[in-house]
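Colleague: Could you walk me through this model? I would like to ask about the fold first and then about single residues.

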Amino acid sequence: MATIQVRVDDGMKAAADALFESLGLDTSTAMRMFIAAAVDNRGIPFDVRKTRKRIEVNDGFGSYICEDGNFHDYSKLKPKLDAAAKETIGPFNSVDGLMKSLNDA
């Protein structure tokens, strides 16, 4: 039997140990399970991908700068959203009134 050594941050090891213990495993068993799953799947047994980072702009409308550096400004929708909200907020006296409001928005 071979030995594999892996270096990880102390905090990460403690967190992993606690997680695996809560699952009824020790860390060595969890690592063996990972390796067995990788061999069985002929690859990493989960998606490995780069995620896009968003930097939120505090305008209250979800505007952000994406990883590509593009600014997505949803604040320009505010007047349209406010007007649409006022027009579609009831109460409505009939289904026809509701449908007219929705179709006009």
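Predicted model: local features only at pLDDT ≥ 70, side-chain atom pairs only at ≥ 80, totals over all residues.

Modeller: Residues are numbered from 1 along each chain as its sequence is written, and side-chain values use heavy atoms, with hydrogens and water left out.

Colleague: Which pattern does the chain follow along the sequence?

Modeller: Helices (H or I, at least four residues) and strands (E, at least two) are taken as DSSP runs, numbered from the N terminus. The chain has four helices and three strands. Read along the sequence, they give α-α-β-β-β-α-α.

Colleague: What percentage of the residues in the chain is buried?

Modeller: Buried means under 20% relative accessible area, exposed over 50%, and partly exposed in between (1.4 Å probe, protein chains only). The chain exposes about 9300 Å², with 57% supplied by carbon and sulfur atoms; such areas come from the Shrake-Rupley method with a 1.4 Å probe, and for residues only the protein chains shown count as cover. Of the 105 residues in the chain, the buried part is 7%.

Colleague: Which residues are the closest to the centre of the largest pocket?

Modeller: On a 1 Å grid over the protein atoms alone, a pocket is an open set of points where a 1.4 Å probe fits, with protein on both sides within 12 Å along at least five of seven lines, and lining residues have an atom within 4 Å of a point. The volume of the largest one is about 540 Å³, counted as the space filled by probe spheres set on the points, which are joined across faces, edges and corners. Of its 17 lining residues, the closest to the centre are Ile-4, Val-6, Thr-27, Ser-28 and Met-31.

Colleague: Which helices each supply at least two residues of that lining?

Modeller: By class, the lining of the largest pocket divides into ten nonpolar, four polar and three charged residues. Here Ala, Val, Leu, Ile, Met, Phe, Trp, Tyr, Cys and Pro count as nonpolar, Asp, Glu, Lys and Arg as charged, and the others, Gly among them, as polar. The helices with at least two lining residues each are H1 (10-22) and H2 (27-41).

Colleague: Is Phe-20 buried or exposed?

Modeller: Phe-20 is found in helix H1 and touches Leu-25, Asp-26, Thr-27, Ala-30 and Met-31, leaving aside residues up to four places away in sequence; a contact means heavy atoms within 4.5 Å. The C-alpha atoms of Phe-20 and Ala-30 are separated by 6.9 Å, ten residues apart along the chain. With a relative accessible area of 14%, Phe-20 is buried.

Colleague: How does Asp-26 compare with the cut-offs; what is its relative accessible area?

Modeller: Asp-26 is found in the loop between H1 and H2. Asp-26 counts as partly exposed, because its relative accessible area is 43%.

Colleague: What kind of aromatic pair do Phe-34 and Phe-46 form?

Modeller: Rings of Phe, Tyr and Trp (its six-membered ring) pair if their centres lie within 6.5 Å; planes under 30 degrees apart count as stacked, over 60 as edge-to-face and the rest as tilted. By this rule the count comes to one aromatic pair. Phe-34 and Phe-46 lie 6.1 Å apart centre to centre, with 40° between the planes, so the pair is tilted.

Colleague: Where does Arg-42, with its positive phi, lie?

Modeller: Most residues other than glycine have a negative phi. Phi of Arg-42 is near 55°, a positive value, and Arg-42 is exposed, with a relative accessible area of 80%. Its place is the loop between H2 and strand E1 (55-56).
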